[in-house]
Number of protein chains: 2
Amino acid sequence: MTRRSTLGARNRGIPEATVARLPVYLRALHTLAERDIVTVSSEELAAAAGVNSAKLRKDLSHLGSYGTRGVGYEVQYLVYQISRELGLTQDWSVAIVGLGNLGRALAGYGGFASRGFRMAALLDADPVIVGERINGLTVEHIDKLEQIIADCAISIAVLAVPASAAQPVCDRVVSSGVTSILNFAPVVLAVPEGVDVRKVDLSIELQILAFHEQRKAGGPAGVEQEYLEAVDGS
Amino acid sequence: MTRRSTLGARNRGIPEATVARLPVYLRALHTLAERDIVTVSSEELAAAAGVNSAKLRKDLSHLGSYGTRGVGYEVQYLVYQISRELGLTQDWSVAIVGLGNLGRALAGYGGFASRGFRMAALLDADPVIVGERINGLTVEHIDKLEQIIADCAISIAVLAVPASAAQPVCDRVVSSGVTSILNFAPVVLAVPEGVDVRKVDLSIELQILAFHEQRKAGGPAGVEQEYLEAVDGS
DNA sequence: CCGACTTTGTGCATGCGTTCACAAAGGCTT
DNA sequence: AAGCCTTTGTGAACGCATGCACAAAGTCGG
């Protein structure tokens, strides 16, 4: 099963931090490609991606030696290599579960299709929403979840359901064979070994901003006494 | 300006990684509080938050010694301390710019108000959308951006605009005094020193999942030849 | 064909984050 | 009051990520 040795210096263990930045590089490269730019130096690409050039070079070096010293990187070639490394040269079928405001926003987001992600199914439990057409797809009832996931060979599910429904829905998609989940519900999902979960939490992002904002304004004001005032109104 | 010494062992330099987890602990604590649970051990709270207990204790120790050995942490007290540290004991006025699908989803998201965030203004450039009422607020034209940010004392802006509009809008909110930005547009924003930007990118999250998904299936398939086939259809 | 110039790829040092393991500290029972 | 039990808070070791700085490797002009 392991064929690690076939590609020379290429080390299969790409650091997680690097993986998280590759999509950013990829987008910057696409922008350059649109402007018919053929080659780019690490300095330029790093600037476009908002990182420093040493980090960029080290990141790319994990994929292999795809640059030319004295010149830089060929844009198209690098696009291909990063795409392949990320698994974007194949198509992934994605299901969105939950079509409230957020689910609809996701269903209509153009950035998916252009990156090898195909919206394959939309699922909801609300009979008012089921049957509605969104972005060319008909919303199916969640009762058909298992069947649809199997039929469409879906391996990635996006959960945009209420917090209380998240874990049960998660359990169902996992037992149907989904091994990657993008979770928008504000809960910590429990999943078996081998299933990846990524979480996007709008509220958490704002709280982190608030922390730094407060810091700029002079740090948290309170001392012990404030707590007592806060709990009983005396 | 620095008054680090007033609070004993309390060290003002809380690691960024810890800050990012505090909101998760806070949510877990709120859940416990709803169930009228008075005290919680680091082991239990860690399980609820999806981290290990040593990390949780170290994180909390950065805020101070708020636990009782042999017992655990008092839920309500810890809620207050974390809230205060994150700056949630004061209200923050937030503006949402861009009310497409995503902007509407954010405007309707209940998780904000309950954490000290007040939706203070909704702004859009589209005359069809301007004037619409969403969640009790009227969408204003983006021409009034500067005035509204000043009037409502807005320090946090959420950008849910198209990629092409993101940088110009960013520049405008920054020059109006906003110092924290939550950016949903798929671009790297350039901001002056002292302005914090956090980015949420749906497409990037999926790409990271795809990487791991592919890894599970046996790693990237391609070798050199595939690239040549991919660029010219021969 | 050679030498100057550019830019990559990486060894190394530093700093941050995580985890282990345990002493210190409190409560509870007898 | 004394000892046992539980759980915190933290010192120390380890590992990962970042950034510097430079040798290696390539291009290009003459």
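Residue A:N101 lies in helix α5 of chain A, helices being DSSP runs of H or I of at least four residues and strands runs of E of at least two, numbered from the N terminus. The model is predicted: local features need pLDDT of at least 70, side-chain atom pairs count only at pLDDT 80 or more, and totals for chains, interfaces and linings use all residues. Residues are numbered from 1 along each chain as its sequence is written, while chains are lettered from A and ligands numbered from 1 in the order in which they are written.

**Annotated site and its residues**

- With 19 C-beta neighbours inside 10 Å, A:N101 counts as partly exposed; a residue is buried if 20 or more other C-beta atoms, placed from the backbone, lie within 10 Å of its own, exposed if 12 or fewer, and partly exposed in between.
- Not counting residues up to four places away in sequence, A:N101 touches B:R104, B:A105 and B:G108; contact requires that the C-beta atoms of two residues, placed from the backbone, lie within 7 Å.
- A:L99 is found in the loop between β4 (92–97) and α5 of chain A.
- A:L99 is buried, since 24 other C-beta atoms lie within 10 Å.
- Neighbours within four places in sequence aside, the contacts of A:L99 include A:R104, A:L122, A:D124 and A:V139.
- An unreviewed UniProt entry gives the annotation "binding site" to A:G98, A:L99, A:G100, A:N101, A:L102 and A:G103; UniProt positions follow the numbering used here, feature names are shortened, and annotations may be inferred rather than shown by experiment.
- The feature "domain: CoA-binding", from UniProt (unreviewed entry), is placed at residues 87–188 of chain A.
- That span, residues 87–188 of chain A, is 26% helix and 28% strand, and its end C-alpha atoms lie 26 Å apart.

**Interface between chains A and B**

- In chain A, 59 residues are in contact with 59 residues of chain B.
- Elements of chain A that each supply at least two residues to the side touching chain B include α1 (16–34), α4 (75–86), α5 (101–107) and α9 (224–231).
- The most is given by α8(A), with 14 residues of the side of chain A that touches chain B.
- This side of chain A divides into 32 nonpolar, 16 polar and 11 charged residues; Ala, Val, Leu, Ile, Met, Phe, Trp, Tyr, Cys and Pro count as nonpolar, Asp, Glu, Lys and Arg as charged, and the others, Gly among them, as polar.

- The same surface serves both copies, as 100% of the contact residues of chain A recur in chain B.

**DNA strands**

- DNA strand C is surrounded by 28 residues, the closest being A:S42, A:G67, A:G70, B:P15 and B:G70; a residue is near a strand if its C-beta atom, placed from the backbone, lies within 6 Å of it.
- With 5 residues, α3(A) gives the most to the surface near DNA strand C.
- The surface near DNA strand C comprises 10 nonpolar, 10 polar and 8 charged residues.
- Around DNA strand D there are 28 residues, of which A:P15, A:G70, B:S42, B:G67 and B:G70 are the closest.
- From α3(B) come 5 residues, the largest share of the surface near DNA strand D.
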